[in-house]
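Here are my notes on this one, as numbered points you can check against the model.

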Amino acid sequence: MTDERGATVLVVDDDAPMRHTVVEVLLAHGYRAVPCAGAREAMEQMQTEGADLVVTDLRMPGMKGDALLREIREAFPEVPVIAVTAFGSVEDAMALTRAGAFDYLEKPFRTQPLLDSIERGLRESAPRREQARLQRSGGDHLDELVGSTPPMQSLFSRIARVALSPAPVLITGESGTGKELVARAVHKASHRRPLLTVNCGAIPDQLLESELFGHARGAFTGAATDKRGLFQAADGGTLFLDEIGEMPLSLQPKLLRVIESGEVRRVGDVNARQYNVRIIAATNRDLAAEVEEGRFREDLYWRLRVLHLELPPLRERAGDIPLIVDRFLRDSAARSGMRKTLTPAAVHLLAEFHWPGNVRQLRNTLESALVFAPGDEVGAEDFPDEIRRALGNREVVRSAAERGLSLAELERDYIFETLRRLGGNKSRAAEQLGIPRRTLYRRLDEYAAEGGKGPSGASSGG
Ligand SMILES: Nc1ncnc2c1ncn2[C@@H]1O[C@H](COP(=O)(O)OP(=O)(O)OP(=O)(O)O)[C@@H](O)[C@H]1O
């Protein structure tokens with residue numbers, strides 16, 4: 001967590017005495033308070049110096065305070081805005097919250113509620129502001145990638161560092177962790193152009209070679225004209241080889257040769273040409289294991305992973321989930337013009353789930369909940385059973401793990417408990433357990449043979 005003393009707070013009010021009083025109070029409490037006489041001045045200040053939080057009056061000449069609120073939400077969504085309003089009607093307050101105000105205070109207000117609100121606003125927005133800071137310091141190449149947890153921060157700084165090198169980069173990580181976004185970020189920061197992408201798993205083996213290297217007219221049946229390959233088309237830029245683990249073994253030595261020499265020979269051509277192409281490869285496979293098993297060439301593997309970026313699975317950076325959700329909600333609001341919010345229970349649910357399909361699954365899940373949730377608010381009940389059940393299951397699994405149960409014991413207890421709940425009806429129990437009936441019978445026979453120990457609680461007690 002960042003230390004919020006010294007945070008920059010803009011105080012926007014056209015009423016000079018009021019403005020100065022607030023500034024004095026904030027300075028006395030260790031904030032860097034900057035007075036702004038109007039909305040324009042405030043926007044100017046945000047663009048040049050930045051700000052961590054804004055306290056603004058809502059009625060000012062020049063630009064209305066609520067217009068300022070909207071502008072800030074759009075340009076600097078990470079900066080919380082506390083609105084000060086003279087008319088404290090409920091309608092106003094609701095309109096303000098809908099427009100994105102973090103909090104509002106009625107005039108005249110006392111010092112302590114203002115200080116409390118500022119402290120809370122800074123605390124709650126800290127991860128978003130940190131992310132924005134990182135993105136700004138690294139240029140705009142990270143703008144699609146959300147994350148403020150330590151593994152993502154270290155990834156961002158690695159991206160900036162590897163971008164300028166001409167060496168190949170290997171990006172690994174489970175499916176849906178953002179490998180393609182990382183490839184794009186590396187490319188963007190590299191100042192190379194253009195970026196071409198090929199999915200090695202999506203093109204039939206025979207075609208991949210001519211897709212990559214091109215072919216000469218008449219090289220094979222059907223090659224009626226000369227064809228440029230991706231290496232040629234990407235000259236001066238980056239070639240992203242997605243799903244490199246799927247590249248056929250027969251093609252791998254050719255790719256290695258091209259990477260090492262920079263020379264490409266089209267299929268059916270005798271002459272080689274020199275191209276300047278930076279390779280980024282990605283895979284969700286364990287390439288080292290593929291090498292062990294003879295499915296991937298070791299020399300190519302080592303050549304590709306000169307620079308290696310590893311994307312952690314989402315469950316290992318759950319702290320990023322609220323940020324990612326926030327980004328998706330904003331993207332979706334921008335597309336649909338309808339802004340929906342999540343209830344705290346829904347946010348909790350999403351933050352706690354283990355997301356085997358990583359960010360892609362989170363995005364898809366959220367998108368469908370946004371479509372199907374009837375009102376403006378998406379609650380935990382709008383997410384699939386499977387996700388809600390997993391959280392309940394976690395409690396059960398945790399207590400089993402705490403008791404030191406083996407998998408076999410857990411299974412046995414679960415079977416007996418299901419049978420007990422269903423009054424001993426084996427057909428229904430098998431159905432609920434999702435196993436064939438004969439499997440259930442076999443298990444019960446095994447337990448009986450073990451001496452009918454019954455549930456582990458009973459056996460460990462005896
Ligand atoms: N850190 C992130 N911030 C925002 N969106 C992300 C992030 N990581 C992934 N996404 C989104 O998740 C989805 C999957 O990302 P991407 O296609 O880059 O994953 P991948 O690792 O390449 O997956 P695969 O191995 O299946 O090809 C995309 O919609 C992407 O925009």
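This is a predicted model: local features need pLDDT of at least 70, side-chain atom pairs count only at pLDDT 80 or more; totals for chains, interfaces and linings use all residues.

1. Start with strand E4 (residues 81-85) and E5: the two run parallel and are joined by four bridges.

2. Is Ile 82 buried or exposed? Ile 82 sits in strand E4, and it counts as buried because it has 23 C-beta neighbours inside 10 Å. Leaving aside residues up to four places away in sequence, Ile 82 touches Val 55, Ala 101, Phe 102, Asp 103, Tyr 104, Leu 105, Ser 117, Ile 118 and Gly 121. One of these makes a handy distance check: Phe 102 is 20 residues away from Ile 82 along the chain, yet their C-alpha atoms are separated by 5.6 Å.

3. Now for another sheet. Five strands form an open sheet here, paired in parallel, and the order is E7-E10-E13-E6-E14. Its edge strands, strand E7 (195-199) and strand E14 (307-310), each pair on one side only. Neighbouring strands of this sheet are turned by 20° against each other on average, again with direction ignored.

4. Five of the five residues of E10 are buried, so the strand is largely enclosed by the rest of the structure. Both of its faces are covered: Thr 238, Phe 240 and Asp 242 are buried on one side, and Leu 239 and Leu 241 on the other. On the E7 side, five bridges join E7 to E10, with the strands running parallel, and Asn 199 stands opposite Asp 242 in E10. On the E13 side, E10 pairs in the parallel sense over four bridges, with Leu 241 opposite Ala 281 in E13.

5. E6 is joined to E13 by four bridges, and the two run parallel; the bridge partner of Val 169 in E13 is Ile 280. Strand E6 (residues 169-172) also pairs with E14, in the parallel sense and over four bridges. In that pairing, Val 169 stands opposite Leu 307 in E14, while the bridge partner of Thr 172 is Glu 310.

6. The helix to pick out on this sheet is H7. It lies across E6, E7, strand E10 (238-242), strand E13 (278-283) and E14, and runs at about 165° to E13.

7. H7 brings us to the ligand. Which residues are closest to it? Of the 17 residues that surround the ligand, the closest are Val 146, Gly 178, Lys 179, Glu 180 and Val 359. Helix H7 (179-190), helix H13 (321-336) and helix H15 (358-372) are the elements that give two or more residues to this shell. By residue type, the shell divides into five nonpolar, seven polar and five charged. Domain 2 (150-310) and domain 3 (320-388) each contribute at least three residues to the shell.

8. Finally, the overall tally. The chain has 20 helices and 16 strands. Of its 462 residues, buried ones make up 30%. Among contacts in the chain with a separation of 6 or more, 68% are between residues 24 or more positions apart.

Terms used. Residues are numbered from 1 along each chain as its sequence is written. A residue is near a molecule or strand if its C-beta atom, placed from the backbone, lies within 6 Å of it. Ala, Val, Leu, Ile, Met, Phe, Trp, Tyr, Cys and Pro count as nonpolar, Asp, Glu, Lys and Arg as charged, and the others, Gly among them, as polar. Domain bounds come from an automatic or database domain assignment. Two strands pair if DSSP finds at least two bridges between them. Axes are lines fitted to C-alpha atoms, for helices over the stretch in contact, and angles run from 0 to 180 degrees between N-to-C directions. Two residues are in contact if their C-beta atoms, placed from the backbone, lie within 7 Å. A residue is buried if 20 or more other C-beta atoms lie within 10 Å of its own, exposed if 12 or fewer, and partly exposed in between; C-beta atoms are placed from the backbone.
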